[in-house]
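Biologist: I am new to this structure and would like to learn how to read it feature by feature. Could you take me through it with the general idea before each case?

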Amino acid sequence: MFQHVQPYAGDPILSLMEKFQKDERDNKVNLGIGLYYNEHSIVPQFNAIKTVALEVGKNVDKAKLYLPMSGLKSYADATQALLLGNDSKSRAEKRAVTIQTLGGSGALKIGADFLKENFPTSKVWVSQPTWENHITIFQGAGFETAEYPYFDPETNGVAFEKMLETLKSIPENDVVLLHPCCHNPTGADLVPEQWDQVIEVLIKGKLIPFLDIAYQGFAEDLEKDAYLIRALDKVGAQFVLSNSFSKIFSLYGERVGGLTVVSEDAVTADNVFGRLKANVRRVYSSPPTTGAVLVESVLNNDSLRADWESELKGMAERIAKMRTVLRDELVKRLPNKNFDYLVKQRGMFSYTGLTSEQADKLRTEHAVYILLSGRMCVAGLNEKNVYYVADAIAKVLA
């Protein structure tokens with residue numbers, strides 16, 4: 001019956017993780033998968049989450065019933081406030097609706113299905129490059145995808161003029177996927193002045209912005225990292241927004257995410273909310289409970305939230321420090337090369353500029369694992385391995 005089924009080549013990130021786990025070398029370093037590791041190469045848990053988890057664990061005698069299709073309301077409200085801000089125009093006018101989803105991927109899936117249902121002939125434009133799952137999710141929903149220029153290999157930064165020029169040529173009602181901060185996979189971000197120009201093009205061209213944010217707080221802080229979101233909201237734009245709490249709450253396995261849609265008016269927003277719930281019903285019916293309870297309990301408690309924000313800031317500062325150390329160590333070893341892009345890029349990831357052959361050599365000869373695209377997870381660096389990694393990269397580049 002299933003002899004015609006083609007084999008799955010595997011996800012490049014998860015496949016690399018499997019190779020890393022099988023590697024028996026003591027000096028191996030995992031800079032492939034997008035996980036935040038602390039100085040001891042451990043994926044940490046936030047103190048605030050531990051506190052709430054202890055309380056949640058006391059309710060073992062109470063069965064967990066199904067959540068509504070839209071998820072836990074207190075979680076959705078707290079998510080919306082974190083993303084749009086307390087002074088949001090769309091929130092005040094009830095033009096924004098938010099549902100709980102199965103992580104960021106679930107948000108993208110429900111958002112993609114919703115847009116395909118209502119804009120069946122539109123095309124989805126993604127940055128070149130982007131996270132591979134962006135393309136597979138939108139194509140899986142039936143969309144044709146296209147790319148707009150984004151990464152400049154000469155500077156390891158954003159090719160902004162080319163990006164803007166392409167955005168101006170996109171037909172109206174096409175969808176443009178944007179990374180508000182900590183671009184995955186490059187780490188190269190736009191500055192506020194550039195985002196303002198992009199917003200002007202989006203509105204003038206009657207395009208549909210689809211924002212995907214998974215690293216709020218890892219670049220500068222929770223407020224500044226949401227600049228694009230808040231700026232779109234401020235000018236009264238309509239847009240779709242997916243978010244993930246996997247990284248910034250260290251809740252990878254709980255699959256906590258959200259999908260927010262900002263509409264023209266409250267009546268339209270209510271209609272959109274209904275369609276989102278209908279799409280959830282036909283995919284997974286309702287989201288899980290525990291992760292949502294953990295997140296909303298922290299966001300809605302002033303003391304726990306302050307503790308979480310402090311730890312999140314410390315994580316961002318540690319990543320920034322590792323970027324600086326790696327840059328400085330590479331300059332010592334290869335003084336004729338410029339590695340400033342490492343400190344200009346932001347968040348967990350960096351596009352190193354290494355070729356697939358160099359990335360493979362880094363793995364086979366030095367046990368340092370990065371993706372063949374050259375993407376490196378900077379969050380995997382620490383004071384114990386950063387000097388070894390610098391040595392290995394320098395040898396590969398020499």
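Predicted model: local features only at pLDDT ≥ 70, side-chain atom pairs only at ≥ 80, totals over all residues.

Biologist: What does Leu178 touch, not counting residues up to four places away in sequence?

Modeller: With those sequence neighbours left aside, the contacts of Leu178 include Tyr148, Met163, Trp195, Val198 and Leu202, and also Phe210, Leu211, Asp212 and Leu228.

Biologist: How should I read the cysteines, and how many disulfides are there?

Modeller: A disulfide is a covalent bond between the sulfur atoms of two cysteines. Here the count comes to 0 disulfides. Take Cys181 as a case: the closest cysteine sulfur, in Cys182, is 4.0 Å from its own sulfur, which is too far for a bond, because a disulfide needs the two sulfur atoms within 2.5 Å. Cys181 is buried, with a relative accessible area of 2%, and Cys182 is also buried, with a relative accessible area of 2%.

Biologist: And how do I read the charged side chains?

Modeller: Side chains of opposite charge can pair when their charged atoms come close. The structure holds 19 salt bridges. One of them joins Lys73 and Asp77, at 2.7 Å from N to O; both residues lie in helix α3, 4 residues apart, about one turn of the helix.

Biologist: Where in the chain are Glu117 and Arg275?

Modeller: The side chains of Glu117 and Arg275 meet in a salt bridge at 2.9 Å, N to O. This pair links distant parts of the chain, with Glu117 in helix α5 and Arg275 in helix α10, 158 residues apart.

Biologist: Finally, is Phe2 buried or exposed?

Modeller: Phe2 is exposed, with a relative accessible area of 61%, and its place is in the segment before α1. Together with Met1 and Val5, Phe2 forms a nonpolar patch on the surface, with about 420 Å² of accessible area for the three together.

Conventions. Residues numbered from 1 in each chain as written. Heavy atoms only, no water. Contact = heavy atoms within 4.5 Å. Patch = residues over 30% accessible without salt bridge, like charges linked within 9 Å, V, L, I, M, F, W, Y side chains within 5 Å. Areas by Shrake-Rupley, 256 points an atom, 1.4 Å probe, with all protein chains shown as cover. Salt bridge = Lys/Arg side-chain N within 4 Å of Asp/Glu carboxyl O. Helix = DSSP H or I, 4+ residues; strand = E, 2+ residues; numbered from the N terminus. Buried < 20%, exposed > 50% of the residue type's maximum accessible area, 1.4 Å probe, protein only.
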